[in-house]
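These are my notes from a first reading of the structure displayed below.

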Amino acid sequence: MTDQAYNFAYLDEQTKRMIRRALLKALAIPGYQVPFASREMPMPYGWGTGGVQVTAACLTPEDRLKVIDQGADDTTNAVSIRRFFQRTAGVETTERTTDATVIQTRHRIPEQPLAEGQILVYQVPIPEPLRFLEPRETETRKMHELEEYGLMHVKLYEDIARHGEIATAYAYPVRVEGRYVMDPSPIPKFDNPKLAGNPAIQLFGAGREARIHAVPPYSDVVSLDFEDHPFAASKADHECDLCGSAGSYLDEVITDDRGTRMFVCSDTDFCASRQAQGHRGRLSPQGATP
Amino acid sequence: MIEIRNLSKSFTLHNQGGVAIPVMAGAHLRVDHGECVGLVGRSGAGKSTLMRMVYGNYLAGGGSIRIGGLDVVTAEPREILALRRAVLGHVSQFLRVVPRVPTLEVVAEPLLRLGTPAPQARARAADLLARLNIPERLWALSPTTFSGGEQQRVNIARGFAHDYPALLLDEPTASLDAQNREVVLCLIEEAKARGAAILGIFHDEGARERVCDRLVDVTGFTRGLAA
Amino acid sequence: MTLMQNAITAAPLLSVQGLTKRYGARIGCAGVGFDLYPGEVLGIVGESGSGKSTLLSCLAGHQRPDEGRILFDGADVLAFSEAERRRLLRGDWAYVHQNPRDGLRMGVSAGGNVGERLMAVGARNYAAIRESATDWLGRVEIAADRIDDRPSAFSGGMQQRLQIARNLVTGPRLVFMDEPTGGLDVSVQARLLDLLRGLVRDLGLSVVIVTHDLAVVRLLADRLMVMKSGRVVECGLTDQVLDDPQHAYTQLLVSSVLQV
């Protein structure tokens with residue numbers, strides 16, 4: 001039940017209204033960074049204050065909330081944010097992607113394809129994709145205004161020059177609806193293709209930077225690349241050692257002091273569902289699939 | 001080809017009380033195709049001043065200097081630049097170049113500026129340098145380190161690289177030995193033979209007698225002026 | 001003679017009329033006008049505070065003049081939208097800063113610095129961009145194996161040459177230079193001057209170069225404008241202005257240079 005000391009979902013109604021206006025504007029101009037009056041939240045910056053504010057502004061008492069951090073429902077950040085909303089909004093929570101109406105995420109898009117009616121809220125540390133090459137905010141805003149995105153390719157050029165390939169593996173820049181270049185937050189580039197044509201509403205909140213941007217359902221989202229170095233959504237070249245999936249994003253886990261390692265799905269719900277359906281991996285406690 | 005009429009010039013020294021020094025008045029002169037005219041007169045009489053006005057280096061006070069249809073006195077700077085590029089060559093007494101540029105490039109540059117392909121321009125430059133007895137091992141070096149005589153020969157090679165229809169020569173044989181003096185005189189004769197109009201200052205009497213068709217005493221242009 | 005006629009009949013690339021910039025009651029530059037033709041190098045000289053830098057920044061679009069017109073290729077540049085102006089600045093125009101650090105991205109490799117303008121105008125083929133960058137490094141005499149080094153690892157002269165390559169890679173028609181040889185050793189200056197002369201000649205560039213170094217303009221500029229207290233006091237052929245200066249201030253300027 002909602003702790004009576006708080007308004008529903010922690011934020012006061014005026015603040016939620018202000019954030020919803022920013023969200024609507026962001027959805028109307030896909031990929032554009034909308035400034036908003038980011039509030040102090042009862043958690044430090046970097047712990048998802050932007051995502052939490054967006055989630056708070058979206059939640060209704062009927063919603064079912066899922067929170068993931070690096071794909072997992074059981075990490076500190078995910079657990080504390082889930083408990084925060086259980087306490088302040090009293091909404092139902094779930095670990096199942098298919099059952100959730102609102103999913104707040106840090107650094108992943110669930111493996112299970114999303115559906116219409118679902119909202120995916122991203123936690124964003126630095127929303128400005130041009131920031132690392134152009135430190136002046138006045139200049140980056142001008143560059144967005146005039147679609148001067150050559151600099152974004154300079155970053156990819158530097159990658160290839162130094163590493164022989166585009167080594168940017170996460171926060172890989174995309175162009176939304178042929179207009180704004182956007183930082184998709186630090187998701188692995190493996191997830192980039194899921195940004196495009198997604199039936200769910202994708203909202204991005206950056207608390208410290210006080211910016212909100214969005215990708216409406218079924219948007220055209222293209223990862224930047226060179227003709228002779230095309231974008232490739234890469235992952236570790238293994239199968240999940242627990243569920244045997246060959247097509248999901250994997251975490252590498254060191255299991256002892258001798259460097260023995262295992263690869264497991266970073267999306268814990270996806271992995272558990274597969275195991276429940278009887279899929280087995282190399283190191284499954286019940287043994288490999290026959 | 002070169003026609004000077006009623007030319008006058010004075011210098012105003014603003015930083016020395018604004019004193020005006022007239023140095024030339026009523027100068028008349030004409031140089032035809034294939035002709036070489038020598039300027040004479042005592043030192044300071046205005047030979048170099050006249051040459052510099054013809055080249056557009058000094059601003060004339062009045063009168064006209066027509067070269068191939070252009071009046072240098074009233075011409076726009078870019079018209080004078082075009083004239084210097086294609087029509088009017090100048091061999092001065094001093095070589096002025098960007099340091100570090102190889103001699104061969106210095107000599108080829110007038111041709112490169114006219115759009116001559118680099119291999120052709122360099123071949124022509126090499127020809128001239130060889131004729132003027134600049135050892136090939138020096139061609140890749142900057143002429144700024146050369147002796148006075150060598151610099152003078154590089155300067156001449158540069159001045160003759162393009163077949164200018166009109167040429168100004170300021171003491172081209174000064175500080176040259178007999179052998180190189182002969183080469184330079186031959187170059188002048190060849191230029192005349194192809195129809196170039198040449199205006200020159202030659203202190204070397206033998207050279208003057210050999211190449212000049214007429215002599216003009218510039219003292220006549222400064223008569224009555226305070227020197 | 002045809003070459004001469006071509007040079008004379010061509011229309012000016014840049015035409016400036018009555019350019020005035022005030023800083024409150026103080027004059028930055030006033031009533032400046034000139035025509036710059038294709039392939040021409042115009043030198044602007046004057047002591048510090050003479051308005052030459054103000055003039056250059058107004059011409060290059062870094063500041064907006066209070067009065068006057070700037071026509072580039074017949075188009076009124078001051079009437080351009082911000083987007084058109086910036087497109088000009090990364091295409092047909094180039095600007096070489098006195099301090100290469102102001103004109104380079106110090107955290108980006110030499111190749112990335114040269115390639116940026118190409119990518120800004122839409123180049124999306126890595127191999128082609130790299131080939132252009134290598135070619136341009138060669139033209140400014142930087143070894144091809146330095147392509148992945150950052151400019152911070154370069155000497156001052158190399159940085160300046162890199163800045164020039166970065167500016168010229170997209171084949172601009174008009175280049176603004178602000179004291180490009182300032183702050184360099186004399187021997188390095190000479191090399192840079194030679195390089196600039198060759199590039200101007202081979203590419204037919206039009207250049208406006210601001211400097212207080214008369215030796216630099218003598219070697220580089222076809223024409224010279226002398227400025228004092230924000231106004232042009234004299235202009236003409238470079239050698240004519242330097243050898244037969246007409247204005248009191250120019251005479252003082254020329255006679256103040258130490259002879260070497």
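How much accessible surface does chain C have, and what percentage of that surface belongs to carbon and sulfur atoms? I looked up the area and found about 10400 Å², with 49% belonging to carbon and sulfur atoms. I note here that the model is a predicted one.

Entry on overall form. I recorded 11 helices and 10 strands in chain C. Along the principal axes, I found that the C-alpha trace of chain C spans about 55 × 50 × 45 Å. I then compared the radius of gyration of chain C, 18 Å, with the value near 18 Å that a compact globule of 260 residues would have; the two agree.

Entry on burial and contacts. I found that 54% of the 260 residues of chain C count as buried, that is, under 20% relative accessible area. I also looked at contacts in chain C between residues at least 6 apart in sequence, and 67% of these join residues at least 24 apart.

I searched the whole structure for cavities of 30 Å³ or more and found one. The largest cavity holds about 30 Å³ of space. Which elements of chain C each supply at least two residues of its lining? I identified helix H7 (156-168), strand E7 (174-178) and helix H8 (186-203). H8(C) gives the largest share, three residues. I listed the lining residues as Val96(C), Ile164(C), Leu168(C), Val175(C), Met177(C), Leu196(C), Leu199(C), Val200(C) and Leu205(C). By class, I counted nine nonpolar residues in this lining, with no polar and no charged ones.

Key: Residues numbered from 1 in each chain as written. Chains lettered and ligands numbered in written order. Predicted model: local features only at pLDDT ≥ 70, side-chain atom pairs only at ≥ 80, totals over all residues. Heavy atoms only, no water. 1 Å grid on protein atoms, 1.4 Å probe; cavity = no way out; pocket = protein on both sides within 12 Å on 5 of 7 lines; lining within 4 Å. Points joined across faces, edges and corners; volume = space filled by probe spheres on them. Helix = DSSP H or I, 4+ residues; strand = E, 2+ residues; numbered from the N terminus. Nonpolar A, V, L, I, M, F, W, Y, C, P; charged D, E, K, R; others polar. Rg over C-alpha atoms; globule rule 2.2 N^0.38 Å. Buried < 20%, exposed > 50% of the residue type's maximum accessible area, 1.4 Å probe, protein only. Contact = heavy atoms within 4.5 Å. Areas by Shrake-Rupley, 256 points an atom, 1.4 Å probe, with all protein chains shown as cover.
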